Amino acid sequence: MIIGIDLGTTNSLVAVWSEGQPQLVANALDSFLTPSVVGLDDDGRVLVGEVARERLQTHPHLTAALFKRYMGSNREIRLGSRRFRPEELSALVLKSLRDDVERRFGVPVSEAVISVPAYFSDAQRKGTRIAGELAGLKVERLINEPTAAALAYGLHQKGRETTFLVFDLGGGTFDVSILELFEGVMEVRASAGDNFLGGEDFDDALAARFIALHKDEDGFPSVEQENIRQRLRREAQRVRHALGQQDSATFTLRHGERDWSCVIRTEDMLESLSPLLERLRAPIERALRDARIRAADLDEVLLVGGSTRMPLVRKLVAALFGRFPSMSLHPDEVVALGAAVQAALKTREQALEEVVLTDVCPYSLGVEVSERLGNQIEAGHYLPIIERNSVVPVSRVHSLETLSDNQQQVTVRMFQGESRLVRDNIFLGELEIPVPPRKAGEVSLDVRFTYDSNGLLEAQVDIPLTGKTHRLVIENNPGVLSQEEIASRLAALEALKVHPRDQQVNSVLLARLDRLYQECLGELRQQVGQLAAHFQQVLEGQDERQIREARSSIARRLEELESAGI
């Protein structure tokens, strides 16, 4: 069985192809959404998902979130006495999703299709593959998130020729892709995006507004404290969601014996988020320009990602395209469903025989060149060899010449990006190539780049004068783990103990009670403390019926308290 996974910044989902259609698989809490949060409990066991998210505020030193944003970098995140790479934390989320499928279907799972933001860099894609490997999964394919969404969407549009734009705004990234569907072919025309723009940034902007209003007041806590930052982010998220249903909401921070609050109206949120919303325009314009299509020629605009549920975002999309966007598929779920469709395509499901998918390279790939300016030679210029939005697989060649007399070596440095100078692009790797000493311009080099559907780049340099060929497969970017490091970290992950699945529902409630106890004051705090003590006592009795009843009644009481705005 090959599974489809939407590995998100904020939440992750898993789906399978079953009974002729993609189906989402619920986790131990009977939810399709698993928060992309990892932590350690007080005994050092791994916590993944909702229980870890509840502990972000109460145990910030033992909990991590938003690590997808650092995929493919050499950043390490400290949890207690241990340090984890983003790939390792992502692997723990992937393992949890895989376990959910194995328990549901009773069969082992070893292969997966994993979605990535369309604008993920080469290093970020390799980091995602490594995360899959660390989770014990063979990653059959990385599929761009808008393309996955389009695949799920395409199943509902059989027999129609249509051109549509996928507007994918998630928790941490923004992607836009333009696609055509015709005669069973799903063709990506262009992709663009912003890897640091999403719902989490909206929450940070709302929190920043609140901090600016209160930071000079006596007793206001330092926002350098991790638990205060997490509390502000959680409250900002609550306010953002509330403003989707009403015209105003109260933003409150409780700390010690005091609380600070302010009313945030819809127009206040628009003012705070305006710079971020404006950043959505540039990728849209670039994608339309690269696809050589006008907004008026689009048949539909498809919303993807949880942040598109914001009324402000939907109004902006409607204004940009002069039409209401399509909401026929659930924005949180459509990418995972599409990844399951791609998994089914890999296994050649008969129901999908006529579906053909083409994708594009979302960024330009090229080399550093030197240019002669008068009597001087200036290095550091960028020469794209594969232009962004070329259909993959793609192979392109460009001829270069030596610039100096009797030059004996050429360094071919490879980059990814769109800037004129290589210093503003992403370095991928280099080849040191010996050349015969000749006059400047007499030795030519044919530089060929080949990029495949999995995002693997191969560089080949031919020297016609000598007939020699030099090759480099870009596998280990700066910050990407080597095979030796992967093996070492895989062994370390396998040694970790995972919090028991059958205890998750109780652990989540205990973590929620701990969080609310910290947030409340006075009589309410006493009530929450009594509820926590009662539930702990019931758990010690080990009577499953009593535990279920207590869990249900306490959860209802907490809903009442939270809805009352404690």
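1. Two strands are said to pair if DSSP finds at least two bridges between them, and helices (H or I, at least four residues) and strands (E, at least two) are DSSP runs, numbered from the N terminus. In that sense Arg413 has Glu430, in E24, as its bridge partner. Strand E23 (residues 409-416) and E24 pair in the antiparallel sense, over eight bridges.

2. The model is predicted, so local features need pLDDT of at least 70 and side-chain atom pairs count only at pLDDT 80 or more, whereas totals for chains, interfaces and linings use all residues. Residues are numbered from 1 along each chain as its sequence is written, and side-chain values use heavy atoms, with hydrogens and water left out.

3. The pairing of E23 with E24 belongs to an open sheet of four strands, antiparallel in its pairing and ordered E20-E19-E23-E24. Strand E20 (376-386) and strand E24 (426-434) are at the edges and have a single partner strand each, so one side of each is left without a neighbour in the sheet.

4. The second largest pocket holds about 470 Å³ of space. A pocket here is an open set of points on a 1 Å grid over the protein atoms alone, where a 1.4 Å probe fits, with protein on both sides within 12 Å along at least five of seven lines, and lining residues have an atom within 4 Å of a point.

5. Of the 19 residues lining the second largest pocket, Ala65, Arg75, Ile77, Glu226 and Gln230 are the closest to its centre. Strand E7 (63-65), strand E8 (77-79) and helix H6 (226-242) each supply at least two lining residues, and H6 gives the most, with four.

Terms used:
Grid points are joined across faces, edges and corners, and a volume is the space filled by probe spheres set on the points.
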